[in-house]
Amino acid sequence: MEMNEKSTSRREFLTAGLLAGGLAVVAGCSSKKSPFDPEAGDLVAASGEKVKLLSVDGEIIEVDKAFLKPVPDLPQVSNEAARIGIPGKKFAMVIDLSRCKSLKKCQTACNHMHHIHPGQNWIKVYPMQDADHTSPYWQPTTCMHCDEPPCVKVCPVDATFKRQDGIVLIDSDRCIGCRFCMAACPYSTRVFNWEEPGLTKEIADKPYSCETSVPQKKGTVGKCDFCPDMVRKGSLPHCVAACPNGVFFFGDMLEDSVTNGSETFRFSDLIKDKAGYRLMEDLGTKPSVYYLPPVNRNFPFEKHDEEDSTENKSKSKS
Amino acid sequence: MENLEKEQIVQDLLPQEFGKQGKIWVACLIALCVIGFIAYCHQLSKGLVVTAMRDYASWGIYISNFVFFVAISLVGSLITAVLRLTDVHWSTPLTRIAEIIAVSAITFASIIIVVDMGRPDRFYNLFLHGRLQSPIVWDVIVITTYFFISILLLYFPLLPDLKIMLKYKDRTSKWMYKLYSFLGSFWKDKPEQFKITDKAINILSITIIPVAFSIHTVTSWLFATTYRPGWDSTNFGAYFISGAFLVGSGGVLVAMYVFRSHYNLKKYITYDHFDKMGKVVVMLALLYLYFNVNEFLVPAFKMKKPEEEHLRGLFTGEFAPIFWFAITTSMLLPILILVTKKGRRPFPAFIAGILVVIGSWFKRYIIVTPTLLHPFLPMRDVPASYHHYFPTWEEWAICIGSLAGALLVITFFARIFPIIPIHETITETEEHEHDKK
């Protein structure tokens with residue numbers, strides 16, 4: 001049974017890999033009635049613009065752009081498969097502090113996609129100043145997805161767990177709400193659903209998925225999940241995609257590459273050239289999130305008027 | 001002559017019906033419990049949002065109340081086990097008081113920890129998915145063990161007393177008589193039976209000491225296994241244990257006074273007991289003070305950056321009033337009162353005991369919450385209400401209700417069973433007489 005699930009998840013992953021690159025693939029090439037026949041589906045007129053695609057048989061084919069239809073979302077993996085993770089991957093994030101001006105688009109996107117209770121945030125953007133005479137800078141934080149996660153160590157019921165691809169997730173169907181993990185996390189990254197998270201019925205009725213962290217449930221802990229559902233689809237986490245300044249880089253350490261969508265770097269070179277570091281290295285938590293120091297900045301540090309706002313007022317400031 | 005004296009002891013120590021005062025006391029306690037229960041129902045339906053706890057102050061007075069209960073329950077092991085094994089006899093009349101404090105406190109510790117859970121409906125996950133590496137699971141194991149050993153240490157010495165009470169059928173109501181026969185009708189005062197229980201009590205007295213140390217050490221590790229300033233301390237186990245013995249002994253002083261004056265036990269709980277218990281409390285307060293000096297002076301000398309904000313908050317900042325109140329009432333004042341011979345008379349000793357207990361409750365609050373409000377990274381991107389913690393009425397009601405519940409258990413126990421062991425008192429008097437001859 002377990003083997004079966006494993007192999008399913010691998011197949012799904014391979015499919016996801018095939019989809020990577022953002023190409024939409026047309027389903028069901030082998031059916032008798034040509035799917036490209038305008039009569040077969042929605043009535044679309046050929047645009048004349050051709051797109052090259054790789055068929056499932058490995059041949060390069062040309063299709064009129066107008067006939068491309070997006071594939072429906074891949075089914076979510078089971079929570080058992082979600083505990084194992086994506087084989088052969090070790091995810092990491094690089095946050096370039098020289099590019100951040102606290103627009104908080106990352107936060108908005110994250111809150112929206114994970115349906116987080118209003119007022120709470122999984123991504124926080126801190127105004128930091130290390131000493132009296134040093135320069136202030138903005139520091140966004142996500143979950144650090146530590147390799148020695150203190151939260152996982154203390155969880156009494158294995159509700160929060162570390163996967164083989166490095167991601168730390170929460171099973172909200174198992175969490176007993178003791179909040180020991182919140183006390184244990186030195187990065188204050190975890191939030192608690194003190195009341196019903198105020199979801200629409202449609203969202204609240206979904207079965208909980210560890211990979212999407214949706215729907216959040218009353219009396220359980222939530223936190224940044226590195227969006228493994230997006231990663232399976234070959235897309236970037238929501239915060240990475242939402243940042244207009246390309247602050248966040250995401251990628252696989254085993255492939256040694258990270259990307260913010262428009263730029264891609266070799267991870268080891270980026271960390272070496274820009275003197276990347278991790279937060280609270282002395283605690284031995286071994287985070288998967290790396291920071292590039294705020295040098296040669298794209299923006300001056302401007303503190304907004306907002307005092308710990310609950311919403312993103314920064315929109316007006318951009 | 002001897003028989004008469006024995007008869008007198010039995011008459012003095014048999015449980016008494018509640019008088020008017022007793023009834024009012026019980027009614028008040030029940031009312032507080034009911035209010036607490038209503039508050040908990042409110043919390044169950046709305047969620048923990050009814051508390052003042054939020055993402056930073058994620059543990060509040062439920063947890064400090066839990067630590068308080070675990071702490072006070074340790075006195076059972078001190079009086080029954082440590083003093084018994086060291087062959088100290090003056091504490092015999094106090095053993096049952098200490099043991100019932102232990103049992104009721106550890107019961108309510110378990111209840112209050114369930115109250116703190118976000119999903120009490122999933123409590124069974126601890127058994128279904130429990131992982132041995134989590135200090136919470138250690139706590140569940142040792143607290144359960146401690147509870148059962150304490151129950152047995154309460155029960156075994158009760159057996160001969162049950163037989164005595166069964167003899168005095170006219171003094172008991174029907175259901176109490178049934179209860180006594182259910183619990184102790186097999187007891188025939190046979191020498192073999194005494195031999196077995198003596199052995200069992202000895203074994204339990206030895207086992208309960210490491211278990212008692214474990215419950216409070218593990219409780220301290222719920223904090224000390226994290227990185228946070230104020231908790232990240234190797235001193236924590238010993239610091240908690242010494243504080244626990246102090247608050248438990250303070251609690252015994254209070255209980256001694258109340259039982260003595262209410263049940264007219266002046267012959268059995270004497271000035272001498274207050275004198276000796278008072279000295280014990282002074283010693284324990286000094287010991288706890290010593291660990292406090294270690295706990296605060298050493299980091300304050302260095303003032304490492306993460307510690308600095310926390311320590312300043314305690315010494316001169318937001319938490320300074322409660323911090324100094326707790327230190328003064330739980331240690332300094334009781335030492336000043338009990339160090340003098342006059343201060344160890346029943347009434348002043350009772351006052352000192354109350355100070356110890358109240359101060360210790362606030363001390364637990366000081367240990368739990370201020371640390372959480374001084375995280376490594378500054379508090380950020382949360383509503384303004386998340387920056388502070390002051391318990392809501394629901395939290396107060398539940399905590400006070402749990403304390404009232406613990407007192408209620410002790411009160412009912414003293415109503416049903418002799419709070420001073422009858423059989424042991426008789427034996428000791430006889431031995432005393434024998435020694436005289």
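Student: Where does A:Ala275 lie?
Tutor: Residues are numbered from 1 along each chain as its sequence is written, while chains are lettered from A and ligands numbered from 1 in the order in which they are written. Helices (H or I, at least four residues) and strands (E, at least two) are DSSP runs, numbered from the N terminus. A:Ala275 lies in the chain A loop between helix 9 (267-273) and strand 13 (289-292).

Student: Is A:Ala275 buried or exposed?
Tutor: A residue is buried if 20 or more other C-beta atoms, placed from the backbone, lie within 10 Å of its own, exposed if 12 or fewer, and partly exposed in between. Because A:Ala275 has 10 other C-beta atoms within 10 Å, its class is exposed.

Student: What is the phi of B:Met303?
Tutor: Most residues other than glycine have a negative phi. B:Met303 lies in the loop between helix 12 (271-302) and helix 13 (305-315) of chain B, and counts as exposed with 11 C-beta neighbours inside 10 Å. Although B:Met303 is not a glycine, its phi is positive, at about 50°.

Student: Which residues does the cis peptide bond in chain A join?
Tutor: Most peptide bonds are trans. In the cis bond, omega is about -5°. The loop between helix 6 (201-204) and strand 9 (221-222) of chain A holds A:Pro215. The bond joins A:Val214 and A:Pro215.

Student: What radius of gyration does chain B have?
Tutor: The radius is taken over C-alpha atoms, and the globule rule is 2.2 Å times the number of residues to the power 0.38. For 437 residues a compact globule would have a radius near 22 Å, which agrees with the chain B value of 23 Å.

Student: Which residues have the most contacts inside the largest nonpolar core?
Tutor: A nonpolar core is a set of buried Ala, Val, Leu, Ile, Met, Phe, Trp, Tyr and Cys residues joined through C-beta atoms within 7 Å. The largest one has 194 residues, and those with the most contacts inside it are B:Ile101, B:Val252 and B:Val281.

Student: Which element gives the largest share of this core?
Tutor: The share is 14 residues, and these come from residues 236-262 of chain B, that is, helix 11.

Student: How many residues of chain B are in contact with chain A?
Tutor: Two residues are in contact if their C-beta atoms, placed from the backbone, lie within 7 Å. On the chain A side there are 38 residues; on the chain B side, 36.

Student: Which elements give two or more residues to that side of chain B?
Tutor: One spans 125-128 and the other 135-155. The largest share, 3 residues, comes from helix 7. The two elements are helix 6 and helix 7.

Student: Is B:Leu83 buried or exposed?
Tutor: B:Leu83 sits in helix 4 (residues 75-85) of chain B. Beyond four places in sequence, B:Leu83 is in contact with B:Val88 and B:Ser91. Because 20 other C-beta atoms lie within 10 Å, B:Leu83 is buried.

Student: What is the mean pLDDT of chain B?
Tutor: Chain A averages 85, with 80% of the residues scoring at least 70, and pLDDT stays under 50 over its residues 1-32. Where pLDDT is low, the predicted coordinates should not be read in detail. In chain B 99% of residues reach 70 or more, and the mean is 94.

Definitions and conventions. Predicted model: local features only at pLDDT ≥ 70, side-chain atom pairs only at ≥ 80, totals over all residues. pLDDT = per-residue confidence, 0-100.
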